Amino acid sequence: MLELLDGQPGERVLECGVGTGEYLALSVSRAGARVHGIDISRELLEECYHNFLREGLPSRVALGDIERIPFQTGAFDRVYCISTTWYLPDLEESLREMARVTRQGGTIVFDIMNWLHITPLAAHLAGRFLQRFLGRRSDPARIRSHLEVSRILTRLGLDYEVRGYYVLLPTRLPNLCQYSARFSYGLSRSPLRYLGSKLCYVCKVNKGPLKPSQNRLAALADPCCGLETKHESATCRDC
Ligand SMILES: C[S@@+](CC[C@H](N)C(=O)[O-])C[C@H]1O[C@@H](n2cnc3c(N)ncnc32)[C@H](O)[C@@H]1O
């Protein structure tokens with residue numbers, strides 16, 4: 001999936017749900033992009049902040065919810081949201097926000113867990129079982145279909161292309177065996193891609209950044225590092 005996330009030197013990039021930054025944000029930043037990250041977990045952001053500093057890279061992280069991104073309209077060239085949408089209750093509102101903060105001609109990359117694949121389906125059902133019968137508090141991972149996502153993207157006016165990962169294979173197998181990795185990669189753009197465990201969407205914002213939704217308008221905007229932020233809990237660590 002990393003091949004889809006080629007941050008170019010000088011590009012303004014936002015990772016939504018950055019976590020500790022180790023998987024994506026750091027490598028995109030090493031390539032010279034100006035990376036920002038938001039997350040709702042203060043602990044993970046602290047770790048992310050130090051991970052950047054340890055490598056001598058600028059650490060631009062902010063506490064914030066993807067449904068109310070604490071940056072101004074059209075602020076970024078690329079926005080990523082990887083391994084995170086299954087925690088988001090309202091995918092449409094989240095994607096609207098990502099599209100809002102992406103400039104015209106910019107790119108959004110995100111992935112979903114596909115309910116047509118056995119691994120996400122089993123994980124979801126196990127989560128529901130734990131919640132229902134063992135009282136686990138957290139929600140099970142949200143699995144979604146391509147049909148649902150394509151309708152959302154059409155409503156938001158975003159052009160997109162889809163890749164499927166781990167098509168017809170259990171999720172971890174491609175990492176273990178080079179033949180299964182090749183097989184999986186070969187199918188990632190085939191008509192069977194919709195059967196992948198993860199579907200990855202690369203979207204183009206062609207019509208100019210979307211307007212914020214009504215419930216988002218109230219959250220805009222104190223100046224901060226040339227960008228703007230005003231989420232009640234948002235702190236831009238760059239300033
Ligand atoms: C599995 S981690 C993925 C981290 C990173 N993107 C990666 O690929 O390694 C999911 C992250 O999403 C964050 N997250 C979940 N819901 C969020 C929300 N509504 N707004 C911002 N971040 C959120 C979690 O705190 C967590 O750090």
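Visitor: What makes β7 mostly covered?
Guide: A residue is buried if 20 or more other C-beta atoms, placed from the backbone, lie within 10 Å of its own, exposed if 12 or fewer do, and partly exposed in between; five of the seven residues of β7 are buried, and therefore β7 is described as mostly covered. This is a predicted model, in which local features need pLDDT of at least 70 and side-chain atom pairs count only at pLDDT 80 or more, whereas totals for chains, interfaces and linings use all residues. Residues are numbered from 1 along each chain as its sequence is written.

Visitor: How do you know that β5 and β7 pair, and in which sense do they run?
Guide: Strands are DSSP runs of E with at least two residues, helices are runs of H or I with at least four, and both are numbered from the N terminus. Two strands pair if DSSP finds at least two bridges between them; seven bridges join β5 to β7, so the two count as paired, and they run antiparallel.

Visitor: What joins β6 to β7?
Guide: Seven bridges do, again with the strands antiparallel, and G164 stands opposite L199 in β7.

Visitor: Why are β3 and β6 said to stand at the edges?
Guide: The open sheet has seven strands in the order β3-β2-β1-β4-β5-β7-β6, with mixed pairing. β3 (61-63) and β6 (159-165) each have a single partner strand, so one side of each is left without a neighbour in the sheet. A parallel pair also occurs, as β1 (residues 12-16) and β4 (residues 76-81) share three bridges, with E15 opposite Y80 in β4.

Visitor: What makes helix α2 a helix that packs on the sheet?
Guide: Two residues are in contact if their C-beta atoms, placed from the backbone, lie within 7 Å, and helix α2 (residues 42-54) touches β2 (34-39) and β3. Its direction makes about 170 degrees with that of β3, where axes are lines fitted to C-alpha atoms, for helices over the stretch in contact, and angles run from 0 to 180 degrees between N-to-C directions. Helix α5 (residues 146-156) lies across β5 (102-113), β6 and β7 (198-204), running at about 10 degrees to β7.

Visitor: How many residues surround the ligand?
Guide: There are 17, and the closest are G17, G19, Y23, S41 and Y87; a residue is near a molecule if its C-beta atom, placed from the backbone, lies within 6 Å of it.
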